[in-house]
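I opened this notebook to keep track of what I look up in the structure, entry by entry. The chain itself comes before my notes.

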Amino acid sequence: MINYRTRTFDQLTTDELWAIYQLRTAVFVVEQNCAYQEVDVNDRVAVHLMGINDQNELKTYARLIPVAHQHVQIGRVVVAPSARKEGLGRQLVTQAIRTIRQQWPDVRQIDIEAQAYLQDFYAAFGFQAVSEVYLDTGIPHLDMILPIQ
């Protein structure tokens with residue numbers, strides 16, 4: 001069972017921040033073999049969406065970044081390697097969209113810079129590709145948007 005909680009940067013405890021950075025660097029830097037500044041200024045302005053299991057372990061995570069009026073970006077979408085193949089990615093994206101609509105009720109567009117192999121995954125939520133595939137840290141990505149009525 002995954003329970004979701006949200007925190008602004010200032011609300012994060014040191015243990016929560018450590019768990020977030022531990023998971024993100026384990027996957028985005030080590031597993032995907034990408035040398036880049038994983039911790040960035042967006043961490044300070046994002047709402048951090050954390051999926052915690054019954055043992056109080058961080059299993060899923062995404063950061064929700066307000067980028068413009070009525071415009072929010074989902075970033076750093078990650079499922080812990082130990083929790084993959086359980087449908088938690090779908091649960092996380094569903095919760096991210098729900099949280100954005102609650103936090104920013106006037107939102108009109110949600111953006112994501114998706115890894116290209118996940119295009120169909122995000123399309124199942126209604127995201128539409130709006131760019132060609134490009135390399136970001138050596139990994140093929142594309143920009144996708146979800147219009148909100």
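In which strand does arginine 76 lie? I found arginine 76 in strand β4, where strands (E, at least two residues) and helices (H or I, at least four) are DSSP runs numbered from the N terminus.

**Ground rules.** I am reading a predicted model, in which local features need pLDDT of at least 70 and side-chain atom pairs count only at pLDDT 80 or more, while totals for chains, interfaces and linings use all residues. Residues are numbered from 1 along each chain as its sequence is written, and side-chain values use heavy atoms, with hydrogens and water left out.

**Confidence.** I looked up pLDDT, the predictor's confidence in each residue from 0 to 100, and the chain averages 93, with 100% of the residues scoring at least 70.

**Annotation.** The unreviewed UniProt entry carries the annotation "domain: N-acetyltransferase" over residues 7–149; such positions are given in the numbering used here, feature names are shortened, and annotations may be inferred rather than shown by experiment. I noted that this span is 30% helix and 34% strand, and that its end C-alpha atoms lie 26 Å apart.

**Back to arginine 76.** Its phi is positive, about 50 degrees, although the residue is not a glycine. Is arginine 76 buried or exposed? Arginine 76 is buried, with a relative accessible area of 18%, given that buried means under 20%, exposed over 50% and partly exposed in between (1.4 Å probe, protein chains only).

**Cores.** I then searched for nonpolar cores, which are sets of buried Ala, Val, Leu, Ile, Met, Phe, Trp, Tyr and Cys residues joined through side-chain atoms within 4.5 Å. The largest has 23 residues, and Leu64, Ile74, Ile100, Ile110, Tyr122 and Phe127 have the most contacts inside it. Two or more residues come from each of β2, β3 (58–68), β4 (71–79), α3 (88–103), β5 (109–115), α4 (119–123) and β8 (139–147), and α3 gives the largest share, five residues. A second, separate core of 13 residues includes Phe9, Ile52, Val78 and Ala80. Beyond its neighbours within four places in sequence, phenylalanine 127 is in contact (heavy atoms within 4.5 Å) with residues including Ile74, Ile97, Tyr122 and Met144.

**The loop between β2 and β3.** Asparagine 53 is found in this loop, and I read asparagine 53 as buried, with a relative accessible area of 12%. Its side chain joins that of glutamate 57 through a polar contact of 2.7 Å; the term stands for a pair of N or O atoms within 3.5 Å, where within protein one must be able to donate a hydrogen and the other to accept it, and residues adjacent in sequence count only if both atoms are side-chain atoms. Asparagine 56 is found in the loop between β2 and β3 as well, but counts as exposed at 54% relative accessibility, and its phi is positive, near 65 degrees.

**Partners of β8.** Two strands pair if DSSP finds at least two bridges between them. I found β5 and β8 paired in the antiparallel sense over seven bridges, with glutamine 109 opposite proline 147. Strand β7 pairs with β8 in the antiparallel sense over three bridges, and leucine 135 stands opposite proline 140 there. In the hairpin of β7 and β8, which has two residues between the strands, threonine 137 takes a positive phi near 55 degrees.
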